[in-house]
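Subject: Structure for you to look at

Hello,

Here is the structure I said I would pass on. Please open it first, then read the notes below it.

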Amino acid sequence: MILYKFRRNIIKKIKTIFLKQRFVKSFYKNDLFIYDDIFPHPISGFRYEEFKTLLNIFKKSKIIVEPISYPALKTEVKIHKIHILEFKSKFPELENKFIEKKRIVNINTKLFYCVFLSNIYRNLVWLEKYKIPFVFTLYPGGGFQVEDLISDQQLKKVLASPQFRKVIVTQLYTKEYLIKNNFCEANKIEYIFGCVVPQLSLNANISFKKNYPAKETFDIVFCAAKYMSKGLDKGYDVFIELAHSLIKKYDFVRFHVVGGFDKEEIDVTLLNGKITFYGYQKFDDLNTIYQQMDVIVSPNKPFLYGKGAFDGFPLGTVIEAVLNSVVAIVTDKLNQNTVFENGKEIIITDGDVTSIEKEIVNLIQNPEKLFDISQKGRNKFLEIYSNDYQMNPRIKLLTEEIERK
């Protein structure tokens with residue numbers, strides 16, 4: 001019995017070591033390895049487009065998928081397999097690009113790439129052990145919070161790694177934060193404003209879209225994921241307060257909520273019949289909703305979800321809306337806007353009910369302005385969120401780093 005228990009414990013320890021040691025370095029070498037904790041979930045459109053493009057461009061490439069963040073999107077992890085099968089059916093040429101982290105992975109690659117601080121930090125140990133160079137995109141969120149002890153410690157460790165090559169930042173605020181705190185040299189920072197967007201969104205057919213007053217209602221939409229009660233960080237509370245104020249003035253205004261909020265979040269009894277909840281939507285289904293909208297309101301605020309937590313400018317949901325000729329009324333507390341002309345292509349407010357309502361009333365009373373901003377905004381967004389603007393610099397950077405190896 002004692003011998004049996006001893007052998008059982010030894011086997012258990014060996015299995016534990018084996019399960020932890022999932023990476024091996026074989027003879028076959030790839031050019032690029034990508035890692036992600038959500039791909040190919042259809043809700044995350046920017047990942048879907050970016051990784052699909054990279055896997056197509058770099059022939060000797062693979063993507064390691066580990067759906068540990070599915071619960072954050074209110075999705076069961078078991079659905080991941082369905083999403084993979086759906087992706088492969090759409091893009092059969094990429095069928096052999098997937099590696100599920102639960103099995104042994106050959107990590108012999110010239111370069112590693114991922115998005116978000118949490119993802120690069122999660123993989124840092126084996127990247128350093130096997131001396132794999134890496135590049136990553138430091139989007140807001142995903143473990144990155146300014147002036148946060150844990151975030152700063154992780155960031156310092158990643159950027160001080162001997163395997164670190166370049167970091168892509170999408171907001172000027174992020175670039176200035178890295179330089180100000182001496183996290184890394186400026187020449188290792190690549191600034192590309194905005195984010196990658198599914199190119200299907202740029203081809204949205206807006207020929208049948210009607211703006212107020214060509215339709216009887218003036219439709220206002222709010223779209224965001226839920227991370228905290230009442231959506232204070234995204235400004236959901238402001239949106240509902242705005243709705244209550246506007247229905248006292250206009251009987252034809254309607255309100256729409258896409259994302260993680262429902263009628264139980266904040267009392268909307270007085271809005272009955274004038275507000276619609278859609279829940280989370282796939283990125284390629286958003287255009288059906290946005291084609292009915294006049295304005296999207298995004299009064300998000302930094303540092304509410306957590307110390308140092310902030311969003312990129314503008315939110316991805318706003319980008320999708322503007323590409324469907326919806327006028328965006330947004331906030332920019334951190335002065336991240338460097339490309340859009342306020343009042344002509346986008347409307348930037350203080351984010352309080354009074355300032356947002358003033359802009360909406362102006363658009364209702366001046367529908368020609370509503371149409372003008374919707375068209376100019378869409379044209380500018382088509383330029384900024386094209387793959388020429390977003391993906392080409394990324395591809396160039398990754399190619400240069402691969403060729404250095």
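Accessible areas here come from the Shrake-Rupley method with a 1.4 Å probe. By that method, the accessible surface of the chain is about 19000 Å², and carbon and sulfur atoms hold 54% of that surface. Please keep in mind that this is a predicted model.

Overall form: the chain contains 13 helices and 15 strands. Its C-alpha atoms fill a box of roughly 80 × 55 × 45 Å along the principal axes. The radius of gyration is 23 Å, which agrees with the value near 22 Å that a compact globule of 405 residues would have. Of the 405 residues, 56% count as buried. Among contacts with a separation of 6 or more, 73% are between residues 24 or more positions apart.

Charges: there are 60 positive side chains and 47 negative ones. The centres of these two sets are 11 Å apart.

Is threonine 75 buried or exposed? Its relative accessible area is 14%, and buried means under 20%, so threonine 75 is buried. Leaving out residues up to four places away in sequence, threonine 75 touches His41, Tyr70 and His83. With histidine 41, the side chain of threonine 75 also makes a polar contact of 2.8 Å, side chain to side chain.

Regards

How values were computed: Residues are numbered from 1 along each chain as its sequence is written. This is a predicted model: local features need pLDDT of at least 70, side-chain atom pairs count only at pLDDT 80 or more; totals for chains, interfaces and linings use all residues. Side-chain values use heavy atoms; hydrogens and water are left out. Helices (H or I, at least four residues) and strands (E, at least two) are DSSP runs, numbered from the N terminus. The radius of gyration is taken over C-alpha atoms; the globule rule is 2.2 Å times the number of residues to the power 0.38. Buried means under 20% relative accessible area, exposed over 50%, partly exposed in between (1.4 Å probe, protein chains only). Contact means heavy atoms within 4.5 Å. Lys and Arg count as positive and Asp and Glu as negative; His and the chain ends are not counted. The place of a charge is taken as NZ of Lys, CZ of Arg, CG of Asp or CD of Glu. A polar contact is a pair of N or O atoms within 3.5 Å; within protein, one must be able to donate a hydrogen and the other to accept it, and residues adjacent in sequence count only if both atoms are side-chain atoms.
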